[in-house]
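This briefing goes through one structure, topic by topic. Please look at the sequence and the 3D view first, and keep both at hand while reading.

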Amino acid sequence: GRGDGAIGLSVCFCTGELLLCEANTVYKYIQEDGSNRGTYGKLICTNFKISFLDEDSASDDNEPQFKNKIIGENDITLQCVDQIYGVYDEKKKLLTGQLRKYPEKLIIYCKDLRVFHFCLRYTKEEEVKRIVSGIVHHSQTPKLLKRLFLFSYASAAPNNTGGRNQTVMFDTLEDWRDELERTKGNVKYKAVVTNEGYRVSEKLPLYFVVPICVSEESILKFQGRGIPIWCWSCHNGAALLKMSAFPKEQDDNTSQMQKAFLDGIYRTISNPPYELLKTEDLSSSLPSLQDIQTAYTRFKQLFLIDNSTDFWATDVKWFSLLESTNWLEIIRRFLKKAIEVAECLERQNSNVLLIEESATDLCCVISSLVQVMMDSYSRTKSGFQSLIQKEWVTGGHSFLDRCNHLHKNDKEEAPLFLLLLDCVWQLVQQYPPAFEFTETYLTVLSDSLYVPIFSTFFFNSQHQKDTNTTGESLKTQSGPFKFLTVWDWSVQFEPKAQALLSNPLYAEKLKPDKSQRKTTRFKHQRQLSLPLTQTKSSPKRGFFREETDHLIKNILGKRIGKFIINSSDEPHNSFKEFYDSWHSKPVDYHGLLLPSIDGPEIKVWAQRYLRWIPEAQLPGGGTIATAAKILDLMEEVQSLQVKMDEEHSQAISRDVQAVPMLRNSARLSSLFPFALLQRQSIKPALPTSTWKDLEDEDDLVKRDDEFVDLSGDMS
Amino acid sequence: NEEIPRLPGETRVTDKDVIYMCPFNGPVKGRVYITNYRLYLRSVETDPVVVLNVPLGVISRIEKMGGASSRGENSYGLDITCKDMRNLRFALKQEGHSRRDIFEVLTKHAFPQSHNLPFFAFANEEKFSENGWMVYNPMCEYRRQGLPNERWRVTFINEHYGLCDTYPSLLVVPYNATDDDLKKVAAFRSRNRIPVLSWIHPENQAVIMRCSQPLVGMSGKRNKDDERYLDIIREANGQISKLTIYDARPNVNAVANKATGGGYESEDAYPNAELFFLDIHNIHVMRESLKKLKDIVYPNVEESHWLSSLESTHWLEHIKLVLTGAIQVADKVSSGRSSVLVHCSDGWDRTAQLTSLAMLMLDSYYRTIEGFEVLVQKEWISFGHKFASRIGHGDKNHADADRSPIFLQYIDCVWQMSKQFPTAFEFNEQFLITILDHLYSCRFGTFLYNSESVREKEVSQATKTLSLWSLINSEKSKFTNPFYTKELNRALYPVASMRHLELWVNYYIRWNPRIRQQQPNPVEQRYMELLALRDDYMRRLEELQITNNSKIPNSSASSASPSQMMSHVQTHF
């Protein structure tokens, strides 16, 4: 539905959206830079979102190229609100529950990193009270599941056909069987129906896959705990499995039983035809959910910037600030763990069993990462989406609790899905041609976590979704609900905007064609010499690893000279060997992909985190500048193609209508497609903070470049 | 059969069996060859062959490791410190005088200046299709800027380097200042480096001037001629606003300089000028900073606490300050409100960084390959950046306090800009790395010696050596950025924020095999493929059109269906 008579300004309401409160003559600062520039308008709060309705929004004639159809520039879904601050006499105070005094300014920090500043000084007191308490209440206080906008939307929306796409949802037995077949895991693993009616566990999906030798009886014995559940099979037959561990048991008897049960299971799946089994207790080898939450809370704070002064003040100590959040280190550790698992599967040919109490948190991150690294299908759009369905959505990750969508328990919150996306982003930026999707895709996917239109990220399990889809609502006229899936991108984006989610660099797997091969394969050369005078010898496979190891043993005996800098005398860690040997070979974008995890290679996902900060904007710069040139050129090639076809068929040349993608792309903002401010500043951004002292180098600092006494030779 | 690369004019001196102590992969048995230009190592019994190819010019220090009585395998040998962020270690057999010979040969050829020997550049007989010495002609460059004009004139007062022996012979000064005035001003400027024009804004006529510090001293001396000269400069852009002076130094250092006779322009003496300090530190601080950087990246990249380690080197903070200073200079000039005078102490280190970076931001010509060569030639080489002292070409005094990576820091700033604006520069990363490699190699005359006067008086360099630009301009395609989009008159301001500044991994950590250098860059490669495809289609289309126009009824038999040929182009629309 569009427009609502009750509201004077034109506002786009979703079906099922209800206005809850509003305030007039609210002043929204364009950017808190002290200039106080901004616009007046109306601030409203609905059961879906908080929205600022610009009074002169009519002037919005230059439609941005990349626009979300549901969430506008000035819309904040209730689930997207991170924190709300009130400003009282220049002092910021966090607003949570009941308010006694109403602030003159409202600052809303969003989970997608936007920051809104609203001035309420010109608003009627009554309206201030209503809007502030309304916004705080609806976005910050505990909520019932059924109060999520998801349900209003689904019940009011005319039968959503849900444009079926290629994403495998893993909600049928067929989907699992197909996946087993695809990965050739069907010889040793089977899809089971034991959980129909959720008689095993409400946490497990209706259908899942276990080793063929595991009986229905044992699955039922401990509600699915202690059962290896199949995630994926490697080309060599080795499989990635996960298992929900037994909680610490006080009772000796029970724990004895559990131990015996586990021993039995391990015995069964360690025997042929099963590969050697390696178990990996993730809760002891990875940061805890609490660590991850703490790190992210600190990390995101670095990007929720109030003004320019803030930006430059934090710039001086930027690297140590970043490090102190620990977020990048956590990313590094997860990537490293995933490489370790990949090494076991790929090189040691052994099965890997990931163990975690619920097997729905750390397990999801690691199993997804391993598949992204090892299975090029997971690097296509539909493959990645299917992976998220398999490991996360159907797999039972508690999105509702981990995102704290209902504000039920802050302690349950942990950004595990964001962690996965950030890890995948690291791979995307290290190997651009390997992914069918772009970083923009990952960014909008992360934003979709907070859009309560799609069911994808708003349930804790398949069971919870199922019971709430039908359940009691059958009695009312509203059910069963037909929820939308986030994978139907047309709900959020027009085709033109969707084009920005596809990677123009993606090198689709070519059919063997010798002439093609030659040009696309990289000659990967290490430069040990000056680049200008390269020799004919082209270091290839094993240059840096096997041969030299062999050498060390053969020509030098056991004792290693004292001036080896590298610690090659320490016991050879198979991980390092695997990692180094992979990195010394040319990259096959369709094969195994290992991230570089050296310090300089783990970066801040600038597009997601810096996108709303005007100071960080480079007009005409950034990676988008080159990407735009590629898109332009592709367009040109395409139109040539059309012309050639026409010439060829000798048809009368009609006007070729190429889709103009990014014309005048030279001046796109580096923050494209996200920059809030379309303004192209002519003034350069200048640091305002001052240089800090070089404490430890005082003597050097005071010296002059070259000490020459100039006073003597003056006439 | 032992084929080692050899340049024309390069002669073999000696060779020897050694064990190369590779810091990444352990000892490698090989044979090292030394010529008058390079050290070349080729491994034996390894497949593939390990090769080291190091111009002797990059060697900063050669040390002996262990003694005749040293025990343990490979504890006896040579440790070579290089100027390009690496160390080379070779283990030798303890018998004979094997080490002494190689040490002496290396020392002699790596440090020819300390042994009264010429640089390899004078022996180099390479031939190139382009002559790099023709790239920079000061008169042409000033003419390109629209000079001389009614307010600015070219003076030959320094033709024989009589006014200032570290300046070029040709200078541009205000029309209203006589050569006599210039001489008087020279007496009040450190090393006679008077304010002269570097660049003029084509539209608003505001200028960038460069010079050294005024000789104010403890007593706060004044000089009427200097004061008047600065006023003439201020007026020359037709504006009545103040002249902006950027002193590159931190305030305290500028004050401290008074003790040795230097100083800065006081408000009393120069009421029509506004002075700002840019807080850029001296050459010693920069040298220490780079040393610390090397410590965390070579041979191994700091494992834990990478970010705080990087921060503690301060390298990127210095880069940030230099860029910030240059942005201020450029912004001031481009706003048209005032001309700018830049100096530090002597005006050949920080000043060169600031003026040339500001010019790069303001004038798109300098973002082309040839324009950048002109810029380096002009602001650095001709205006007396002391390359010989800062790099220590052929000089064994590795601990010389005059050495400092000022030019490297400048190139890093340029790289940061090119990284932020990947379509704005005609040259690629390889171009910048090549410049840095030959900053040390002594294969070309380009960076040798401290000033134009030395170059001219002592060596008549252009006839006896080759220019680096000859090499580059002869194979330009190798150094060209395919994404370059020509844009005229667009000021390009980088964002000098730590959020955007990055460590130049492909330069500083390039010796580490664990740092993956995707060569060629996949984005670039994709673009090149598309370009080739487009050209191919255009050619075919033209052919088709000709065929069709000549009304040959059926031409389709001659070529395959175009859509078949194009099946591998992905479009995503």
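Leaving out residues up to four places away in sequence, B:L357 touches B:V322, B:L323, B:A326, B:Y410, B:C413, B:V414 and B:M417. The model shown is a predicted one. The points below begin with the cores and then turn to the record, a loop, a sheet and the confidence scores.

**Nonpolar cores**

- B:L357 is among the residues with the most contacts inside the largest nonpolar core, along with A:F334, A:F384, B:F372, B:F407 and B:Y508.
- This core has 285 residues.
- Helix α10 of chain A, residues 327–346, gives the most to this core, with twelve residues.
- A second, separate core has 39 residues, including B:I157, B:Y167, B:V172 and B:F383.
- In soluble globular proteins, nonpolar side chains tend to be buried together.

**Positions annotated in UniProt**

- An unreviewed UniProt entry lists "domain: Tyrosine specific protein phosphatases" at residues 313–375 of chain B.
- That span, residues 313–375 of chain B, is 67% helix and 6% strand, and its end C-alpha atoms lie 29 Å apart.
- UniProt, again in an unreviewed entry, gives the feature "binding site" for B:N282, B:I283, B:C344, B:S345, B:D346, B:G347, B:W348, B:D349 and B:R350.
- These positions are spread over 69 residues of sequence, yet they cluster in space, with a largest C-alpha distance of 12.3 Å.

- B:C344 sits in the loop between β14 (340–343) and α9 (350–362) of chain B.
- Is B:C344 buried or exposed? With a relative accessible area of 1%, B:C344 falls under the 20% cut-off and is therefore buried.
- Beyond four places in sequence, the residues that B:C344 touches include B:C211, B:S212, B:Q213 and B:D247.
- B:R350 belongs to helix α9 of chain B.
- B:R350 is buried too, with a relative accessible area of 3%.

**A loop residue in chain B**

- B:F24 is found in the loop between β1 (12–22) and β2 (26–35) of chain B.
- B:F24 and B:R514 are 490 residues apart along the chain, while their C-alpha atoms are separated by 8.7 Å.

**A sheet in chain A**

- Four strands of chain A form an open sheet in the order β11-β12-β14-β13, with mixed pairing.
- Why do β11 (229–233) and β13 (277–281) of chain A each have one side without a neighbour in the sheet? Both stand at the edges and have a single partner strand each, so one side of each is left without a neighbour.
- On average, neighbouring strands of this sheet are turned by 25° against each other, direction ignored.
- β13(A) pairs with β14(A), residues 351–356, in the parallel sense over five bridges.
- The bridge partner of A:E280 in β14(A) is A:L354.
- Helix α11 of chain A, residues 362–374, packs on the sheet and touches β11, β12 (239–244) and β14 of chain A.
- The direction of helix α11 makes about 155° with that of β14(A).

**Confidence**

- The predictor gives the complex an ipTM of 0.90 and a pTM of 0.90.
- Chain B has an average pLDDT of 91, and 94% of its residues score at least 70.
- Residues 555–573 of chain B have a pLDDT below 50, and beyond near neighbours in sequence this stretch has 35 contacts in the model.

Definitions and conventions
Residues are numbered from 1 along each chain as its sequence is written. Chains are lettered from A and ligands numbered from 1 in the order in which they are written. This is a predicted model: local features need pLDDT of at least 70, side-chain atom pairs count only at pLDDT 80 or more; totals for chains, interfaces and linings use all residues. Side-chain values use heavy atoms; hydrogens and water are left out. Two strands pair if DSSP finds at least two bridges between them. Helices (H or I, at least four residues) and strands (E, at least two) are DSSP runs, numbered from the N terminus. Axes are lines fitted to C-alpha atoms, for helices over the stretch in contact, and angles run from 0 to 180 degrees between N-to-C directions. Contact means heavy atoms within 4.5 Å. pLDDT is the predictor's confidence in each residue, from 0 to 100. UniProt positions are given in the numbering used here, feature names are shortened, and annotations may be inferred rather than shown by experiment. Buried means under 20% relative accessible area, exposed over 50%, partly exposed in between (1.4 Å probe, protein chains only). A nonpolar core is a set of buried Ala, Val, Leu, Ile, Met, Phe, Trp, Tyr and Cys residues joined through side-chain atoms within 4.5 Å.
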